[in-house]
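I opened the model to see how the chain is put together. These are my notes, in the order I looked things up.

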Amino acid sequence: MEAVARFFGADVQWTRPGPTTAERWTDLRYAVYWLLAAACGLEFLRGMGAVDNAPAQILWQYVGTASGALLLALRRSHPLVTAAGAAVHMLVLGVLIPPVMSTLPMQVIYFFALFSGVSWARDRRALTYVVGGVVAVMFLWLTWAFALTSGVSKLTRSLGIEDPATVTGLLSPTTSVVLYTVLNNIFFFGGAILLGQMSWRGAWRTAEVVRQAETIRQQTARLRDQAVVAERLRIARELHDVVAHHVSVMGVQASAARRVLTRDPEAAATALSAVETSSRQAVGQMRDLLGTLRSGEKAADGTDGDATGETNRTPQPDLAALEELIDQAAAPTLEIGFRLVETPEGAAAQVSPPVQLSCYRIVQESLANVRRHSTATRANVVVRVAEDWVEVEVVDNGSPRPGTSGTGLGQLGMRERAQHLGGLAEMGPRRVGGYRVRVRFPVSGTPPTDPSDGAASDAGAAPLVESGR
């Protein structure tokens, strides 16, 4: 029984939706069409005299025809009622008015009713009982026709067999008639059940495809939203690094200019020139960064890019730009050393652009933190590049300056950069004094497949406690 239930989909967690109002009206319209067709078939039989000896009067003949056809009006709204009703109708009509039941229009109505019941039934386990009942009705009708009436002799005569002794088949006429009738009914009922089940499974698979497509659409929307958030975070990090660095440089240079303005006008002019240069660079970098937000967007004049129609963007900073960055960050009260260690020679050129940009931004943010939050007089920047990894280390000799605790967004951005590119970050005070920021990336910007390689081998990979810088 369970195997039959599984065949009919009782184990499937899906219920076929019921018909819409338009589909209900369509079923009613088709039921009327079938009623007209069945009525025409009955009248044709009456014209041929095939129902002259029927026990029921003409009124009941038409009542039987109409009641069978109108069952189809419920085929999608009440499919189990339609299938069970068609089986009972066929049995009753076959007993009372056999010629009417055997007409081709009525046979098609019964077939379509059983097909619709299997195709549209929403309770698949109840369907197994209905189908079992229909099969039982079929065998009951056959038993009644062959055992309790003269059905075999009538069928034999209808086939033109007057003398069974003249038949040359392998089986006797009686056996052949019985088996032929059973085979016809098996194909009739079995075909309706099989086609109905195929229709139901087709609807189920279509619903699954629609559900999967909706799931994919929702996942795509979530991924798109996540990508937008990630891009906003990236832009926020870039803006933070650019603004923090240049504003810090301008503050240091402006302070130096104020101190020597009356004593050494030439030095003050040099400092103010540095302020001007840093401000121009800040504006340019921010303009380039924000311009990427409109990349591919049509401007008012039909060109791609920003509102001015410009499409060329300044290349993103890389390892080669670190020397200029350090020159800008240096101040009379802060000496900055820089070393680039390549193993082998020229390995820095093999570092992927995203990793080079992240190294640049980390050095930029680290030096900005030194100027704003530390009493350091010296800082050392070391960039080590090997075949598989690149490491940035910024070390100073100061201590936290009282009352200058930051928001921590700068260090959060550095950690996010490291995580995004498969690297590790370590930052915090040193035991011998000062502060250290060290970040290691895979050269390609993707996590290594072997956890023992690359960034995973970073000594002291566990982050130290941050001091608010």
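**Contacts along the chain**

I take a contact to mean heavy atoms within 4.5 Å. With that cut-off I looked at contacts between residues at least 6 apart in sequence, and 72% of them join residues at least 24 apart. The model is a predicted one. I found 13 helices and 5 strands in the chain. Of its 469 residues, 40% count as buried.

**Confidence**

I checked the pLDDT next. The chain averages 80, and 80% of the residues score at least 70. Two stretches I marked for caution. Over residues 296–312 the pLDDT is below 50, and this stretch has 25 contacts in the model beyond near neighbours in sequence. Residues 451–468 also have a pLDDT below 50, with 42 contacts counted in that way.

**α11 against α12**

How do the axes of α11 and α12 cross? I looked at helix α11, residues 322–329, and helix α12, residues 353–373. Their axes come within 11 Å and cross at roughly 10°. Angles under 35 degrees count as roughly parallel, so α11 is roughly parallel to α12. From α11, the contact uses Leu 322, Leu 325, Ile 326 and Ala 329. From α12, Tyr 360, Val 363, Gln 364, Leu 367 and Arg 371 take part. I sorted the residues of this contact by type: 7 are nonpolar, 1 is polar and 1 is charged.

**Salt bridges**

I searched the whole structure and got 14 salt bridges. I went through three of them.

The first entry is Arg 76 with Asp 27. Their side chains meet in a salt bridge, 2.9 Å from N to O. Arg 76 lies in the loop between α3 (58–70) and α4 (79–96), and Asp 27 lies in helix α2 (residues 21–47), so the pair ties together parts that are 49 residues apart in sequence.

I then looked at Arg 75. This residue is also in the loop between α3 and α4. Arg 75 has 10% relative accessibility and counts as buried. Leaving aside neighbours within four places in sequence, I listed its contacts as Asp 27, Thr 82, Phe 112, Ser 116 and Trp 120.

The next entry is Arg 217 with Glu 214. The closest N and O atoms of this salt bridge are 2.6 Å apart. Both residues sit in helix α9 (residues 173–260), and because they are 3 residues apart there, about one helical turn separates them. Arg 217 is partly exposed, at 47% relative accessibility. Glu 214 is partly exposed as well, at 32%.

The last entry is Glu 426 with Arg 436. I read 3.0 Å from N to O for this salt bridge. Glu 426 lies in strand β4 (residues 424–429) and Arg 436 in strand β5 (residues 435–442), so the pair ties together parts that are 10 residues apart in sequence. Glu 426 counts as buried at 5% relative accessibility, whereas Arg 436 is partly exposed at 23%. I followed the shared partners further. Salt bridges join Arg 384, Glu 391, Glu 393, Glu 426, Arg 436, Arg 438 and Arg 440 into one network.

**Val 395**

What does Val 395 touch? I placed this residue in strand β3 (residues 389–396). Val 395 counts as buried, at 14% relative accessibility. Not counting residues up to four places away in sequence, Val 395 touches Arg 378, Ala 379, Asn 380, Arg 430, Tyr 435 and Arg 436.

**A cis peptide bond**

Most peptide bonds are trans. I noted a cis one between Thr 343 and Pro 344, with omega about 0°. Pro 344 lies in the loop between β1 (335–342) and α12.

How values were computed. Residues numbered from 1 in each chain as written. Heavy atoms only, no water. Axes fitted to C-alpha atoms, helices over the stretch in contact; angles between N-to-C directions. Helix = DSSP H or I, 4+ residues; strand = E, 2+ residues; numbered from the N terminus. Parallel < 35°, antiparallel > 145°, perpendicular 65-115°, else oblique. Nonpolar A, V, L, I, M, F, W, Y, C, P; charged D, E, K, R; others polar. pLDDT = per-residue confidence, 0-100. Salt bridge = Lys/Arg side-chain N within 4 Å of Asp/Glu carboxyl O. Buried < 20%, exposed > 50% of the residue type's maximum accessible area, 1.4 Å probe, protein only.
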